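This briefing covers a ligand and its surroundings in a protein. Look at the sequence and structure first.

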Amino acid sequence: MVDKVLALCGGVGGAKLALGLNHCLSPDQLTILVNTADDFEHLGLHISPDIDTVMYTLAGINNGALGWGIEGETWHCLAALEVFGGETWFRLGDRDLATHLFRTSQLKQGASLTDITGLLCQGLGVETQILPMSDDCVRTMVATPTGEIAFQHYFVKAQCQPTVCDFHFVGIETARPNPLALALLNDPQLTGIIICPSNPYVSIDPILALDGFSDALKQAKAPVVAVSPIVGGAAIKGPTAKMMRELSIPTTPTAIVEHYQGLIDGFIFDNADHQYKVPLSDMHVALNMTNTVMKTLEDKILLAETALTFMNEISGQKSIDHKNM
Ligand code: FO1
């Protein structure tokens, strides 16, 4: 029996599982807490890439080919900007621009990112609650051998080419976690927390690094289940595996469990990584091996169902452990 679920999520990979969960759960059962450390100000606009990817995915209008932005997008504004020699390395589509214009104008009028995201979701017909990890400003900086660069400059402008030495989340010391997410972690009706297969280092870590969030996660009575973003030594999408190699972290599911050690109760990894079953079984987390590659909607729903069933299976054990603490 599932009451309420909190999913922690970044952009593209995480949004796929979020869509599967959205099919399995009703809007009052699912809350998606999204990384906002990728946010940045561009051409005077506040862009929240991961929130937009999750929001467009749940609204059924995401651009499947690009992985971000809106399906059937036009680029007239970008083309006109190019004529003036304006910055076009970060491609803002015509329809997508409306999201950023609305968000930016609302922020200027004093609304919170949480409330604005709620209004955007309402406009797009998304009933599930999508929450920014914080209403305060946190920005990922990427340390490279030639100095620190802002995340979107690394990811989009430099196409993830620079070698990664470290990450630094500017503003993390003072940013407060979203109070609605903290309240949910304490809600007796919370059945489980799912860490989507997003990049652990730049999508999930900023959420976990928010003041008090990891402690609240550890104290939650509901089990925490993570889905591996690594399959067969590679990441399905994005630079996770490249980052791991550059940080001298093995691109294995065991390295992902080590990263989340002390926080997670269960771990879902791919059939392709069956050779890690033995080392993983020594790591004090419940294990579930399945297909985690989400190509079709059916794959997303199946993985979501597997995660929810697995979460229920281990929730009994966690409540016994809590009583004995
Ligand atoms: N990603 C790109 O690779 N190139 C782009 O031009 C680009 C534009 C863009 C515009 C709005 C938006 O919400 C996201 C956009 N993204 C683009 C995706 C995004 O920057 C990254 O995928 C995430 O930050 C990583 O999670």
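The points below describe the ligand, its contacts and the residues around it.

The model is predicted, so local features need pLDDT of at least 70 and side-chain atom pairs count only at pLDDT 80 or more, while totals for chains, interfaces and linings use all residues. Residues are numbered from 1 along each chain as its sequence is written, and side-chain values use heavy atoms, with hydrogens and water left out.

**Position**
- The ligand sits in the largest pocket. A pocket is an open set of points on a 1 Å grid over the protein atoms alone, where a 1.4 Å probe fits, with protein on both sides within 12 Å along at least five of seven lines; a molecule sits in a pocket if more than half of its atoms lie within 2 Å of its grid points.

**Polar contacts (N or O pairs within 3.5 Å)**
- An oxygen atom of the ligand lies 2.9 Å from a side-chain N or O atom of D50.
- For the side chain of D38, the distance from an N or O atom to a ligand oxygen is 3.0 Å.
- A ligand nitrogen is 3.2 Å from an N or O atom in the side chain of W68.

**Shell**
- The ligand is surrounded by 14 residues (a heavy atom within 4 Å), and the closest are D38, D50, F90, R91 and Q152.
- Eight residues of the shell are nonpolar, one is polar and five are charged (Asp, Glu, Lys and Arg count as charged).
- Helix 6, a DSSP run of H or I with at least four residues, gives the most to the shell, with four residues.

Key: A polar contact is a pair of N or O atoms within 3.5 Å; within protein, one must be able to donate a hydrogen and the other to accept it, and residues adjacent in sequence count only if both atoms are side-chain atoms. On a 1 Å grid over the protein atoms alone, a cavity is a set of points where a 1.4 Å probe fits but cannot get out, and a pocket is an open set with protein on both sides within 12 Å along at least five of seven lines; lining residues have an atom within 4 Å of a point. Helices (H or I, at least four residues) and strands (E, at least two) are DSSP runs, numbered from the N terminus.
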